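Work through the exercises below with the model open beside you. Try each task before you read its solution.

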Amino acid sequence: MYAVIFKAKVGEQDEQYPEMVARMRELAFEKYHCVDFIAVTEGDMEVAISYWNSEKDIERWHRDVEHAKAQMFGKQKWYQEYQVEVVEIKRKYGSNY
């Protein structure tokens with residue numbers, strides 16, 4: 001299993017932002033086999049973690065035309081700066097898993 005960790009300093013998030021977030025979430029799950037997605041915002045920082053079964057799905061997601069459009073808006077107005085990390089999960093445990 002893999003995780004994509006998106007960390008960003010929030011910029012101007014207009015009325016188009018929540019619509020795009022909802023569409024990107026839908027697209028990731030329906031077309032690219034995203035397993036789970038969690039996002040939190042604290043102050044001007046946002047962290048989103050998505051979980052995937054394969055790197056191939058992540059790469060396909062990254063190249064998606066709609067996702068590229070969302071990334072462009074993110075760079076232009078929604079985020080002041082951002083960082084993306086793709087990591088392989090070696091172990092997972094917890095009380096309800």
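**Exercise 1. The sheet**

In which sense do β2 and β3 pair, and over how many bridges?

Solution. This is a predicted model, where local features need pLDDT of at least 70, side-chain atom pairs count only at pLDDT 80 or more, and totals for chains, interfaces and linings use all residues. Residues are numbered from 1 along each chain as its sequence is written, and side-chain values use heavy atoms, with hydrogens and water left out.

Step 1. Find the strands. Strands (E, at least two residues) and helices (H or I, at least four) are DSSP runs, numbered from the N terminus. Two strands pair if DSSP finds at least two bridges between them.

Step 2. Read the pairing. β2 and β3 are antiparallel, with eight bridges.

Step 3. Look at the turn. Two residues sit between the strands of the β2 and β3 hairpin, and glycine 43 has a positive phi near 60 degrees there.

Step 4. Move on to β1. Eight bridges also join β1 to β3, again antiparallel. Tyrosine 2 stands opposite tryptophan 52 in β3.

Step 5. The four strands form an open sheet in the order β2-β3-β1-β4, with antiparallel pairing. β2 and β4 are the edge strands, each pairing on one side only. Neighbouring strands are turned by 15 degrees against each other on average, direction ignored.

**Exercise 2. Two faces of a strand**

Which residues of β3 lie on its covered face, and which on its uncovered face?

Solution. Start with the rule. In a regular strand the side chains alternate between the two faces of the sheet. Now apply it. Glu46, Ala48, Ser50 and Trp52 form the covered face of β3. Met45, Val47, Ile49 and Tyr51 form the uncovered one.

**Exercise 3. Helix α1**

Which residues of α1 are buried?

Solution. Step 1. Check the length. α1 has 17 residues and reaches 23 Å from its first C-alpha to its last, close to the 24 Å expected at 1.5 Å a residue. The expected span is 1.5 Å times one less than the number of residues.

Step 1. List the buried residues (under 20% relative accessible area; exposed is over 50%, partly exposed in between, with a 1.4 Å probe and protein chains only). They are Tyr17, Met20, Met24, Leu27, Ala28 and Tyr32.

Step 2. The arc is that of the directions from the helix axis to the C-beta atoms.

Step 3. Turn the helix over. The face away from the buried side carries exposed Glu19 and Glu30.

Step 4. See what the buried side meets. Its residues pack against β2, β3, α2, α3 and β4; contact means heavy atoms within 4.5 Å.

Step 5. Leave the helix. Histidine 33 follows α1, with a positive phi near 65 degrees.

**Exercise 4. Helix α3**

Which side of α3 is buried, and what does it pack against?

Solution. First, the buried residues: His67, Ala70, Phe73, Gly74 and Trp78. They share the same side of α3, because their arc around the axis is only 115 degrees. Next, the partners: these residues pack against β1, α1, α2 and β4. Last, the other side: Val65, Lys75 and Gln76 are exposed there.

**Exercise 5. The core**

Which members of the largest nonpolar core touch the most other members?

Solution. Step 1. A nonpolar core is a set of buried Ala, Val, Leu, Ile, Met, Phe, Trp, Tyr and Cys residues joined through side-chain atoms within 4.5 Å.

Step 1. The largest one has 19 residues, and Met20, Met24, Trp52, Trp61, Trp78 and Tyr79 touch the most other members. β1, α1, β3, α2 and α3 each supply at least two residues. α1 gives the largest share, six residues.

Step 2. Zoom in on methionine 24. Beyond its neighbours within four places in sequence, methionine 24 contacts Trp61, Glu66, His67 and Ala70.

Methods:
Axes are lines fitted to C-alpha atoms, for helices over the stretch in contact, and angles run from 0 to 180 degrees between N-to-C directions.
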